[in-house]
Amino acid sequence: MARDDAKLRVRTIGQVVGRNLAELREARGQTQREAAAFVRGFGLAWTPANIASIESGRRETIDIGAFSVLALAYDVPPSRFFEGKGEVRLGAEVSAELEYYRGWLDRQVPKPPLTMTGRTARKVLDAMPDDGKIQFQADAELADRLGLEPKDVYRPAMELWGGRTLHEERDRRLAELGQMTPTQRRTRRGHITRQLAKELEPHLPKRDRSEEK
């Protein structure tokens, strides 16, 4: 069944799972009534109305138990329920690209880059350590080169790239390029790092050279 991914770029978990559940159900030739009976056979007490509600997108969330039963019943990996393009909303102010979220579920990527907005982004910024002992190597290296504190780099970076540090944004863009040889990856990583530094530079504090005297 053809579906337009561009109509709604950021969807709730319920909308994404419901969309893919409909595809799985229709691929098996099941009606919503038959699908309800089918999942009840696996212990999920859903009615046809429950199926209709989630497939229509009216149900914004789905609990982990029901989601697990659906995956077991249809014999698919959990990531199959997150097929499609765009973003999935994981919280009121947090979302992730579906492509990366599927990769994380399948353990193909360490974690999906998160897009954070509003109060959530500010809370993350405030919770970051101030002593420079952070795990984001690219941010720390740029800070050292510019004579800045690491927090002077990763805080503006997170504001610029939706909650991602320079290190995370670099890895995200690198992943978009697909498979490469180790040499190609090192070359592209260096190029992307330099490009990101240029994008970030206008947002960084100016170094106080009076301290050098």
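**Exercise 1.** Is Trp104 buried, partly exposed or exposed?

*Solution.* This is a predicted model, in which local features need pLDDT of at least 70 and side-chain atom pairs count only at pLDDT 80 or more, while totals for chains, interfaces and linings use all residues. Residues are numbered from 1 along each chain as its sequence is written, and side-chain values use heavy atoms, without hydrogens and water. Buried means under 20% relative accessible area, exposed over 50%, and partly exposed in between (1.4 Å probe, protein chains only). Trp104 has a relative accessible area of 29%, so Trp104 is partly exposed.

**Exercise 2.** Classify the ring pair of Tyr101 and Trp104.

*Solution.* Rings of Phe, Tyr and Trp (its six-membered ring) pair if their centres lie within 6.5 Å; planes under 30 degrees apart count as stacked, over 60 as edge-to-face and the rest as tilted. Here the centres are 5.7 Å apart and the planes stand at 35°, so the pair is tilted. Tyr101, at 11% relative accessible area, is buried.

**Exercise 3.** Describe the pair of Phe38 and Tyr74.

*Solution.* The ring centres lie 5.0 Å apart with 65° between the planes, which makes the pair edge-to-face. Phe38 lies in helix α2 and Tyr74 in the loop between α4 (64-73) and β2 (87-91), so the pair ties together parts 36 residues apart in sequence. Helices (H or I, at least four residues) and strands (E, at least two) are DSSP runs, numbered from the N terminus. Phe38 is partly exposed at 21%, whereas Tyr74 is buried at 3%.
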